[in-house]
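Work through the following exercises with the sequence and the model at hand. Each task is followed by a solution in steps.

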Amino acid sequence: MPVQKLSVLGSTGSIGTQTLSLVKDLGIELTAISGYSNYKLLEQQALEFRPEYVCAVEEGAYRELKVRLAPTGCKLLFGREGLMEIASRDSSDTLLNSVVGIAGLEPTLAAIEAGKNIALANKETLVTGGSLVTRAVRERGVALLPVDSEHSAIFQCLQGNTHLRPRRIFLTASGGPFFGQGREQLREVTVADALKHPNWSMGRKITVDSATLMNKGLELIEAMWLFSVSPEQVLITVHRQSIVHSMVEYEDMSVIAQLGFPDMRLPIQYALTYPERRPSPCRPLTVEGMSNLTFQLPDRETFRCLPACERAAAIGGLAPTAVNGANEAAVELYLKGEIGFLDIGDIVADALSLPGLEREDFSLGDILALDSEARLRATDFAQKLSGRR
Ligand code: NAD
Ligand code: MG
């Protein structure tokens, strides 16, 4: 059913602001919003949309908003607990989760428990908690709709054929700003270079993930949970133009693709209007836009995050949590200028040496504990790497 009442966690981010730009035209009521530290934007959003709940995760932002939002009647919440309260208690039928990182996992689970449908941008939710989330979705009978553009594309290519099993999925990757360069060239790239994505404007963490190809590794694992496919069924395909957003191959060898100029508003809107389609603000595709589409294999020797994620996907269990946690820590260090670009891949690969990753029966507590261990190990390993320089 198209969404009627929506809560958005991470409303001040790239996906969050694009979501808010769509809701009025779609006739959706916004019931809750949240952000980390950007209280000015959160205040603006609160004044414009008058949601029931506003949550600031960072303390300084919460204190600011306490004064600023007092006259509005919005209920102000604080921290992780505030996110959990929104997820489990606000009156929305759907939670759009566009928080960045594993911080999105617990609110997703809480919203499913509360019987809400989930529109999921936060891929780290499925990478770390895929088994718990998909089980909870089945048990509660709620919908889990992808917002990630590739997964939305796959989901769209499956429409009308949901009773069939795809033979393979072509998961497309832009390749990021550095595709085609070798390790020698990448040794000294700056943070500013990594943040210049050729096709998409996104948050800092996912932009770095796109440059390292970690993003595609995370998306491989995301696709396995969303579409019940094995890693061997997912063919990662570098497609520099980001016009074909992914493709599904069926048993008869027919391949169905979804195309469009890169614009996240389209997959966001589809998750909000599914199973319907509505007019959107996106630019129509042109013949010129399709005149030079290329497809290549990724370079796994240069971009080591990708094979590390592929190994994690094959191991299963807690291995995806290990590579994800190490990556979150490594990207933070990289953005602070404390490690080099290529170190990220080595740190992520090293996380697979943590013990006990294969276990299949684990709880939310086990995931969070392993995430902490992976971050610690990543920080130690980063120190060793900088000591060697
Ligand atoms: P962003 O950094 O622009 O926004 C992140 C949002 O989460 C902000 O509202 C921020 O205030 C909030 N936040 C940050 N840290 C938090 C924490 N610890 N706890 C709670 N909230 C926190 O990121 P983004 O680009 O919008 O990406 C959000 C998610 O969507 C990521 O998982 C990303 O991989 C995924 N995604 C993004 C895009 C895109 O085009 N931006 C595309 C596909 C998937
Ligand atoms: Mg994507």
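**Exercise 1.** State the strand order of the open four-stranded sheet and identify its edge strands.

Solution. The order is β9-β8-β10-β11, and the pairing is mixed. Strands β9 (234-238) and β11 (255-259) form the edges, each pairing on one side only. From one strand to the next the twist averages 20°. Strands are DSSP runs of E with at least two residues, helices runs of H or I with at least four, numbered from the N terminus; two strands pair if DSSP finds at least two bridges between them.

The model is predicted: local features need pLDDT of at least 70, side-chain atom pairs count only at pLDDT 80 or more, and totals for chains, interfaces and linings use all residues. Residues are numbered from 1 along each chain as its sequence is written, chains are lettered from A and ligands numbered from 1 in the order written, and side-chain values use heavy atoms, without hydrogens and water.

**Exercise 2.** Describe how β8 pairs with β9.

Solution. β8 (residues 168-173) runs parallel to β9 over five bridges. Within this pair, Leu 171 stands opposite Ile 236 of β9.

**Exercise 3.** Find the donors of the magnesium ion (ligand 2).

Solution. Asp 148 (OD), Glu 150 (OE) and Glu 219 (OE) coordinate the ion at 2.0 to 2.2 Å. Donors are N, O and S atoms within 2.8 Å of the metal (3.2 Å for Na, K and Ca); water is not among the atoms, so sites may look incomplete. Along the chain, the donor spacing is D-x1-E-x68-E.

Technical notes:
Axes fitted to C-alpha atoms, helices over the stretch in contact; angles between N-to-C directions.
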